[in-house]
Amino acid sequence: IALINKGENILEGNVKHIKNKYKENLFKIDYEGVLPPDLGTRVNIVKQNDTSITVQLSEAQQSNNLLQYLLNQGVSIRAFNEILPTLNEIFIKQVNDSNLVK
């Protein structure tokens, strides 16, 4: 794909590659049970309710390690999904960034 703003190509490439390039290490976890009380010291909690939580990992953290930790703490995981940005979100970010440069 190519993203064009005011006649200028601001981004192009394979959709999967572009989404991976702009991902923010966000993960949505659907669970049953009680989350460990120290989870907030291990990851950045973005959003939480009674049955799901969205967390942001640092670049150094591995999602598999988080999943293993939760399982070892007795949390029943129903779903564990990475949240990738939409093309619209990427386009808006790129347009804003290109307007700041000018």
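Trainee: How do strand 3 and strand 5 pair, and over how many bridges?
Mentor: They pair in the antiparallel sense, over 5 bridges. Strands here are DSSP runs of E with at least two residues, helices are runs of H or I with at least four, and both are numbered from the N terminus. Two strands pair if DSSP finds at least two bridges between them. Keep in mind that this is a predicted model: local features need pLDDT of at least 70, side-chain atom pairs count only at pLDDT 80 or more, and totals for chains, interfaces and linings use all residues. Residues are numbered from 1 along each chain as its sequence is written, and side-chain values use heavy atoms, with hydrogens and water left out.

Trainee: Okay. Which residues of strand 5 stand opposite K28 and D30?
Mentor: K28 has T54 opposite, while D30 has S52.

Trainee: Is T54 buried or exposed?
Mentor: T54 is buried, because its relative accessible area is 11%. Buried means under 20%, exposed over 50% and partly exposed in between, with a 1.4 Å probe and protein chains only.

Trainee: What does T54 touch?
Mentor: Leaving out residues up to four places away in sequence, T54 touches F27, K28, N44, I45, V46, K47 and I83. Contact means heavy atoms within 4.5 Å.

Trainee: And how does strand 3 pair with strand 6?
Mentor: Antiparallel again, over 7 bridges. In that pairing I29 stands opposite F80 in strand 6.

Trainee: What's the order of strands in the sheet?
Mentor: It's an open sheet of 4 strands, in the order 4-5-3-6, with antiparallel pairing. Strand 4 (44-48) and strand 6 (76-83) are the edges, each pairing on one side only. On average, neighbouring strands are turned by 25° against each other, direction ignored.

Trainee: Which strands does helix 3 lie across?
Mentor: Helix 3 lies across strand 3, strand 5 and strand 6, and it runs at about 165° to strand 6. For such angles, axes are lines fitted to C-alpha atoms, for helices over the stretch in contact, and the angles run from 0 to 180 degrees between N-to-C directions.

Trainee: Switching to the inside: which residues of the largest nonpolar core touch the most other members?
Mentor: L35, L39, I53, V55, L66 and L70, out of 13 residues in that core. Strand 3 (26-32), strand 5 (52-56) and helix 3 (63-72) are the elements giving two or more residues to it. A nonpolar core is a set of buried Ala, Val, Leu, Ile, Met, Phe, Trp, Tyr and Cys residues joined through side-chain atoms within 4.5 Å.

Trainee: What does L66 touch?
Mentor: Not counting residues up to four places away in sequence, L66 touches I29, L39, V43, V55, L57 and F80. Apart from this core lies another, of 7 residues, including L11, I18, I90 and V95.

Trainee: What about H17, buried or exposed?
Mentor: H17 is exposed, because its relative accessible area is 53%. H17 is found in helix 1 (residues 15-21). From H17 to D30 is 13 residues in sequence and 26 Å in space, C-alpha to C-alpha.

Trainee: One last thing: where is N25, and what is its phi near?
Mentor: N25 is in the loop between helix 1 and strand 3, with phi near 55°, a positive value in a residue other than glycine. Most residues other than glycine have a negative phi.
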